[in-house]
Amino acid sequence: IGGNKMRKKIISSMLALVLFFSVSKIAFAATTNFNVQLPTTGSKTSNDVLKETSNTYATYNCSYFGWPGSGVDMWVQNTSNSDLSSKSNFSGTGVKYMYLSSTTANKYKGQRVHMKAKTDSSTWHACDIIGVFDAQ
């Protein structure tokens with residue numbers, strides 16, 4: 001009888017661990033909506049997402065760009081806000097790329113990252129953008 005109780009506790013504990021790790025993986029998807037009004041100065045940060053692969057790029061699929069002629073800089077950071085990619089600039093809708101070195105891409109595979117965006121130095125007004133950030 002004592003062995004059955006111990007076995008049930010072990011199985012119960014193992015199931016709890018499996019559930020915990022399953023839920024923690026679900027909590028961070030590889031993509032997040034990033035629908036913001038970028039201020040004239042300063043920046044906005046996306047939610048953290050999981051970088052699932054060692055691809056050397058992340059993407060922002062911009063479906064709405066609020067002010068033609070504006071420019072936006074975007075880049076990838078780790079959860080400590082250190083830059084992982086170079087800045088990419090865009091001025092309209094479509095898929096935009098941010099590039100990471102192969103060393104960085106491999107190091108951050110399976111880690112949480114986010115995107116940072118701001119209006120560029122030639123844009124002197126707020127700009128709305130709507131899209132999806134994909135850490136790959």
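This is a predicted model: local features need pLDDT of at least 70, side-chain atom pairs count only at pLDDT 80 or more; totals for chains, interfaces and linings use all residues.

Author: The side chain of Lys-51 reaches the backbone oxygen of Thr-53, at a distance of 3.1 Å. Lys-51 itself is found in the loop that runs between β4, residues 49-50, and β5, residues 57-65. Although Lys-51 is buried, it has no salt bridge, and the nearest side chain of opposite charge, that of Asp-134, is 8.0 Å away. A salt bridge would require a side-chain nitrogen of Lys or Arg within 4 Å of a carboxyl oxygen of Asp or Glu.

The surroundings of Lys-51, once its neighbours within four places in sequence are left aside, include Tyr-57, Leu-100, Ala-105 and Tyr-108, together with Lys-109, Gly-110, Gln-111 and Val-113. Ala-135 and Gln-136 are also among the residues in contact with Lys-51.

The rest of the chain gives this site its setting. The protein chain holds two helices and ten strands, which follow one another along the sequence as α-β-β-β-β-β-β-β-β-α-β-β. Of its 136 residues, 36% are buried, and the accessible surface comes to about 8,000 Å², with 54% of that area belonging to carbon and sulfur atoms. Where contacts join residues at least 6 apart in sequence, 75% of them link residues at least 24 apart.

In soluble globular proteins, nonpolar side chains tend to be buried together. The largest nonpolar core here has 24 residues, and the members that touch the most others are Tyr-60, Ile-129 and Phe-133. Two or more residues of this core come from each of β2 (36-38), β5, β6 (72-78), β9 and β10 (127-134), and β5 provides the largest share, four residues. Beyond four places in sequence, Ile-129 is in contact with Phe-34, Asn-35, Val-36, Leu-38, Tyr-60, Tyr-64, Phe-65, Val-72 and Phe-90.

Strand β9, residues 112-119, contains Ala-117, which counts as buried because its relative accessibility is 0%. With neighbours up to four places away set aside, Ala-117 is in contact with Phe-34, Leu-38, Ser-43, Lys-44, Val-72, Asp-73, Met-74 and Trp-75. Ala-117 also lies 9.9 Å from Pro-39, C-alpha to C-alpha, although 78 residues separate the two in sequence.

A polar atom of the Thr-123 side chain lies 2.8 Å from the backbone nitrogen of Gly-71, and a polar contact of 2.8 Å joins the side chains of Thr-123 and Asp-120. Outside its sequence neighbours up to four places away, Thr-123 touches Thr-40, Ser-70 and Gly-71. Thr-40 also lies 9.3 Å from Ser-121, C-alpha to C-alpha, across 81 residues of sequence.

To return to the lysine, then, the model shows Lys-51 as buried and without a salt bridge, with its side chain reaching the backbone oxygen of Thr-53 at 3.1 Å.

Terms used
Residues are numbered from 1 along each chain as its sequence is written. Side-chain values use heavy atoms; hydrogens and water are left out. Buried means under 20% relative accessible area, exposed over 50%, partly exposed in between (1.4 Å probe, protein chains only). Lys and Arg count as positive and Asp and Glu as negative; His and the chain ends are not counted. A polar contact is a pair of N or O atoms within 3.5 Å; within protein, one must be able to donate a hydrogen and the other to accept it, and residues adjacent in sequence count only if both atoms are side-chain atoms. Contact means heavy atoms within 4.5 Å. A nonpolar core is a set of buried Ala, Val, Leu, Ile, Met, Phe, Trp, Tyr and Cys residues joined through side-chain atoms within 4.5 Å. Accessible areas come from the Shrake-Rupley method with a 1.4 Å probe; for residues, only the protein chains shown count as cover.
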